[in-house]
Amino acid sequence: MDDSLETKEDAVLRVMNLSVDFDVKGNNVSILSKVNFGLGLGETLGIVGESGCGKSMTALALLRMVPSPPGKISDGEVLLNNLDLMTLSQKEIKKIRGKEISMIFQEPMTSLNPVFTVGNQLVETILEHKDLSRADALKEAIELLRLVQIPAPEQRIKEYPHQLSGGMRQRIMIAMALVCEPKVLIADEPTTALDVTVQAQIFDLLKEIQAKTQMSIILITHDFGAITEMADRVIVMYAGYKVEEGTLDEIRNSPLHPYTQGLLRSMLVIKPDSSGFKMPLPEIPGSVPDLLNRQPGCPFGPRCSQATVKCRSMPPNFNLGFKRSVKCWLVDNGRVE
Amino acid sequence: MKQAIFQRIFLGIVMITAVIILNFFLLHAAPGDVVDAMLAEGGGGDPELAARLRASYGLDEATHIQLIKYLGQVFRGDLGYSFYYDQSVTELLLGHLPTTLMLTISALILAVVFGTLFGVYAALKPKGIFSNFVTVLSLFGYATPVFWLGMIILLVFALYLPLFPAFGIRSLPEPEHAVGRILDIIHHLVLPTFTLAILYLASYSRISRASMLDVLGSDYIRTARAKGLSETKVIFKHSLKNAAMPVVTLAGLQLAQVFSGAILVETVFSLPGVGPLLYESIVRRDFPVILGVLFGAASTTIIANIITDLIYKYMDPRIQSIT
């Protein structure tokens, strides 16, 4: 692996060879295979892929929250400012969670505890990480709600999650994640359950906060639209592998991996004359490989229209420049990441 | 809120009245009355004596007249007069109730607390040894007839290892000091309470294990962990309050039975509780006592339901109204 390219001064988070295995009825199934990436200060990294490609598992693994059993992190390092999170004790990793690295989730409806007030859940997070009195924590909670643009925060803080709308709940989740001004915010499909206008509001909010605090964001999504709106750089994942990495421009305008190309082709383009609706969307034929019965070779090979004999062996991640890599024999330049 | 409670209490009174009427007719539909039972006990008697007795007890009047008189009494707070014990039913109940309540309530508290704890710990490692132990214990508790369990416990802990008294609620002669008397009663209650608690505990550990497993997989628990909360807080604050709902439901149902609940245990351990009183009164056709016990049981049920609803509302704010 060419280390010099991943080690840049402003890298907040560096992930190396991160692998997660699941134990499925005694069989060891690899869910995440040697994923590498870096995250710069104030940068938004999009991780995109279809269901089951390992993108959420990556997020959980970063905070050592892989459900265990059956899962376990089998290999890899996650360096947060040169502190390897994988070697920390349970007690130490809890101090990272919610403080240095925060997470927001897909379902704002179910991600807040229904039986405690918004205020209770916010204050509890503040008290966990900061040495404050309950009254001061409450004041801070109200400030946080104001920061995430919740109207009448003094009122809202006494309410229960079921009294709030989906967008409001996601704002509360964001407020909760921002308690300690984390260095990294992991947003796992933060807007999937929300409608588009609310999605746009949430993204604007995240960008605003990012501009203020220089927080880095990892945005996990299956929605390329969300990626284009938010991300500076993009990682495309497939079947537990990182298959392509590049800047948003590179991925959007010159995708090199056939899977990325297929993903982009299958995006809905709305034309003014509505002719776009009459055309069936191009799709990637086939389906995601069965992780229980992995075939040797490129995981995308069986679905790839450009596959050759060579694809029966596993392609490495070929390095095409600074933070630009593609896991495909087509771009073989001999420089392996 | 207050209005809702009053509404519930009013509804409760209506329901209790309905229960009394139903019980009254049921009892009178069965053949035989207290006079038959008394005469049978005394080796028979002539019809004239029977008629005189019936007249003196007011049993010669038409059933509906008796019912109206009885209802009138109950609303004045008088539960009637026991034919057999020659004592007012209220006094009789007050005499038997403390034993029963001490037994059932302490068993219920033990079962709820330990059953829930067992369930929670079992859910944390659903495939661990402790979890299997809880499952087996629960099945045992479910499947074992309580009188059998009571007798075994009696044999082992009162006969082979004479640690506890085998029957009754007090020693004879009673200890002189007040503290000594209290300790004596507790000493007598240990075995029956444990017998009943083991029986109850089975349900609580099973229910809380299942409900805890369910809650531990939910999104808000993941959130709680992602916030960096300690595992203690994740389990005893975030999970338990959500997982406790079925436990509250079950506890509410059993709270409704504390009044009359433990007839078998009381019989096995010869405790002078409400259970044996009810049983004997049925055998003796002592209607006022039976009706009194049933009235108490119905009232307890209704009060227990109101309490359960109030706890629900406290536990889960999504439950809007208690009506």
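User: Which residues touch the most other members of the largest nonpolar core?

Analyst: First, the general idea. In soluble globular proteins, nonpolar side chains tend to be buried together. A nonpolar core here is a set of buried Ala, Val, Leu, Ile, Met, Phe, Trp, Tyr and Cys residues joined through C-beta atoms within 7 Å. Buried means that 20 or more other C-beta atoms lie within 10 Å of a residue's own; exposed means 12 or fewer, partly exposed in between, with C-beta atoms placed from the backbone. In this predicted model, the largest core has 94 residues, and A:Ala61, A:Ala175, A:Ile186, A:Ile218, A:Val236 and A:Tyr238 touch the most other members. Helix 8 (residues 166–177) of chain A gives the most to this core, seven residues. Helices (H or I, at least four residues) and strands (E, at least two) are DSSP runs, numbered from the N terminus.

User: What does A:Ala175 touch?

Analyst: Contact means that two C-beta atoms, placed from the backbone, lie within 7 Å. Leaving out residues up to four places away in sequence, A:Ala175 touches A:Leu122, A:Leu144, A:Leu145, A:Leu147 and A:Val148. A second, separate core of 63 residues includes B:Ala111, B:Tyr204, B:Val247 and B:Val293.

User: How is the numbering set, and how far should I trust the model?

Analyst: Residues are numbered from 1 along each chain as its sequence is written, while chains are lettered from A and ligands numbered from 1 in the order written. Because the model is predicted, local features need pLDDT of at least 70 and side-chain atom pairs count only at pLDDT 80 or more, while totals for chains, interfaces and linings use all residues. pLDDT is the predictor's confidence in each residue, from 0 to 100. Where it is low, the predicted coordinates should not be read in detail. Chain B averages 86, and 98% of its residues score at least 70. Within chain B, helix 2 (residues 34–41) is lowest, at a mean of 78, and helix 5 (residues 89–124) is highest, at 91. The complex has an ipTM of 0.81 and a pTM of 0.78.

User: In what order do the eight strands of the open sheet run?

Analyst: Strands of a sheet pair through backbone hydrogen bonds, either parallel or antiparallel. Two strands count as paired if DSSP finds at least two bridges between them. In chain A the order is 6-7-8-3-9-10-12-11, with mixed pairing. Strand 6 (101–104) and strand 11 (318–321) of chain A are at the edges with a single partner strand each, so one side of each lacks a neighbour in the sheet.

User: How many residues of chain A and chain B are in contact?

Analyst: 22 residues of chain A are in contact with 19 residues of chain B. Helix 5 of chain A supplies the largest share of chain A's side, three residues.
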